[in-house]
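Please keep the sequence and the structure in view while reading.

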Amino acid sequence: MSYGVLLALHLLAAIAFVGTVFFEVVMLEGVRKHLPQETMRAVERAIGDRATAVMPWVLLTLYAAGIGLAWQHRAALTQPLASSFGLLLTLKIALALSVFGHFATAMLWRRRGVLGGLRSRRLHLSVFCHVLAIVLLAKAMFYLQW
């Protein structure tokens with residue numbers, strides 16, 4: 001698959017994923033104090049059900065395209081300390097693997113019925129911080145050089 005197609009797929013999936021995380025962390029937190037607790041639980045459950053149906057496909061696209069893009073830059077990844085690009089790409093991949101671990105943990109907790117409340121908010125906040133760093137690294141890879 002061409003680099004351009006991989007890049008477009010990766011960017012579109014990243015927009016969907018980061019947008020969803022942004023919505024859950026920033027927007028829903030602002031709504032929480034204006035709704036009764038039972039209503040908020042119902043909203044969170046409905047959003048969680050929808051995310052459970054959609055996010056695996058978004059993440060499959062995101063990670064598959066990311067692997068394809070990383071393969072194009074495998075020379076830089078063999079010696080990540082040799083260039084700023086290689087180092088930043090390596091950091092981005094490490095954070096992406098951590099996000100995947102967060103997602104897998106969330107799915108496991110959800111199946112066990114223990115994903116809720118404070119645990120869910122902390123997990124989402126952690127993922128949000130990770131994806132912000134990934135977005136900044138993605139831009140910096142092509143502009144920062146040392």
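Is the crossing of α2 and α4 left-handed or right-handed? The crossing of α2 and α4 is left-handed; this word applies if the near helix is turned anticlockwise from the far one by less than a right angle, and right-handed applies if clockwise.

## Basis of the model

This is a predicted model, in which local features need pLDDT of at least 70, side-chain atom pairs count only at pLDDT 80 or more, and totals for chains, interfaces and linings use all residues. Residues are numbered from 1 along each chain as its sequence is written, and side-chain values use heavy atoms, with hydrogens and water left out.

## The chain as a whole

The chain has five helices and zero strands. Helices (H or I, at least four residues) and strands (E, at least two) are DSSP runs, numbered from the N terminus. Of the 146 residues, 30% are buried, meaning under 20% relative accessible area with a 1.4 Å probe, protein chains only. The C-alpha atoms fill a box of roughly 55 × 30 × 25 Å, taken along the principal axes.

## Packing of α2 and α4

Two packed helices are described by the angle between their axes and the distance between the axes. For α2 and α4, the angle is about 150° and the axes lie 11 Å apart. Axes are lines fitted to C-alpha atoms, for helices over the stretch in contact, and angles run from 0 to 180 degrees between N-to-C directions. α2 is therefore roughly antiparallel to α4, a term for angles over 145 degrees.

The contact (heavy atoms within 4.5 Å) includes R45, M55 and Y63 of α2 and V99, F103 and R110 of α4. By class, the contact has 11 nonpolar, two polar and three charged residues. Ala, Val, Leu, Ile, Met, Phe, Trp, Tyr, Cys and Pro count as nonpolar, Asp, Glu, Lys and Arg as charged, and the others, Gly among them, as polar.

## Packing of α4 and α5

Helix α4 (residues 84–112) packs against helix α5 (residues 117–143) at about 160°, with axes 9 Å apart. α4 is therefore roughly antiparallel to α5. The residues of this contact comprise 19 nonpolar, four polar and two charged.

## Nonpolar cores

A nonpolar core is a set of buried Ala, Val, Leu, Ile, Met, Phe, Trp, Tyr and Cys residues joined through side-chain atoms within 4.5 Å. The largest has 17 residues, and F17, V21 and V99 have the most contacts inside it. Its largest share, six residues, comes from α2. A second, separate core of seven residues includes L88, L89, L137 and M141.

Notes
Angles under 35 degrees count as roughly parallel, over 145 as roughly antiparallel, 65 to 115 as roughly perpendicular and the rest as oblique. Buried means under 20% relative accessible area, exposed over 50%, partly exposed in between (1.4 Å probe, protein chains only).
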